[in-house]
Amino acid sequence: MVEHLVSFKFKEALTASKEKELLDALYGLPSEISGIVELTAGRNETTETENIQGYTLGLRVTFTDQQALLAYGPHPAHQRFVSMLDGLIENVIVIDYPISEKRSS
């Protein structure tokens, strides 16, 4: 499996309705894109405020494998979500890593 983490930094604070619209779109992706094992997303509510650096929305997607992750990027449903971000984003951080089996101590 592969973990896909994304942190979003917006040019301006999102309204509650815009945040809900984006989160609803994200939570709809698993029903449209095969290879997604699990998806979670939400507002950054960390108490480590010195580490936020303006990133206010997070996304975690677990994929069955690297091929599923590669198919996700250009998928029309994902591209529809990306188009919803036009003009809103200041920066995005993406981290992808394979999920390895439990490590022995």
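Which exposed residues does the face of H1 turned away from its buried side carry?

1. That face carries Ala16, Ser17, Lys20 and Ser31. Exposed means over 50% relative accessible area, buried under 20%, partly exposed in between (1.4 Å probe, protein chains only). Helices (H or I, at least four residues) and strands (E, at least two) are DSSP runs, numbered from the N terminus.

2. The model is predicted: local features need pLDDT of at least 70, side-chain atom pairs count only at pLDDT 80 or more, and totals for chains, interfaces and linings use all residues. Residues are numbered from 1 along each chain as its sequence is written, and side-chain values use heavy atoms, leaving out hydrogens and water.

3. Glu19, Leu22, Leu23, Leu26 and Leu29 are buried in H1. They cover an arc of only 95° around the axis (directions from the helix axis to the C-beta atoms), so they sit on the same side of H1. The buried residues of H1 pack against E1 (2–10), E2 (36–43), E3 (55–63), H2 (66–72) and H3 (76–84).

4. H1 and H3 pack at about 170°, axes 9 Å apart. Axes are lines fitted to C-alpha atoms, for helices over the stretch in contact; angles run from 0 to 180 degrees between N-to-C directions. The pair is therefore roughly antiparallel (over 145 degrees). Leu22, Leu26 and Leu29 are among the H1 residues that meet H3, where the partners include Phe81 and Met84.

5. Leu59 touches His4, Phe8, Leu26 and Tyr72, among others, not counting residues up to four places away in sequence. Contact means heavy atoms within 4.5 Å.

Conventions. Angles under 35 degrees count as roughly parallel, over 145 as roughly antiparallel, 65 to 115 as roughly perpendicular and the rest as oblique.
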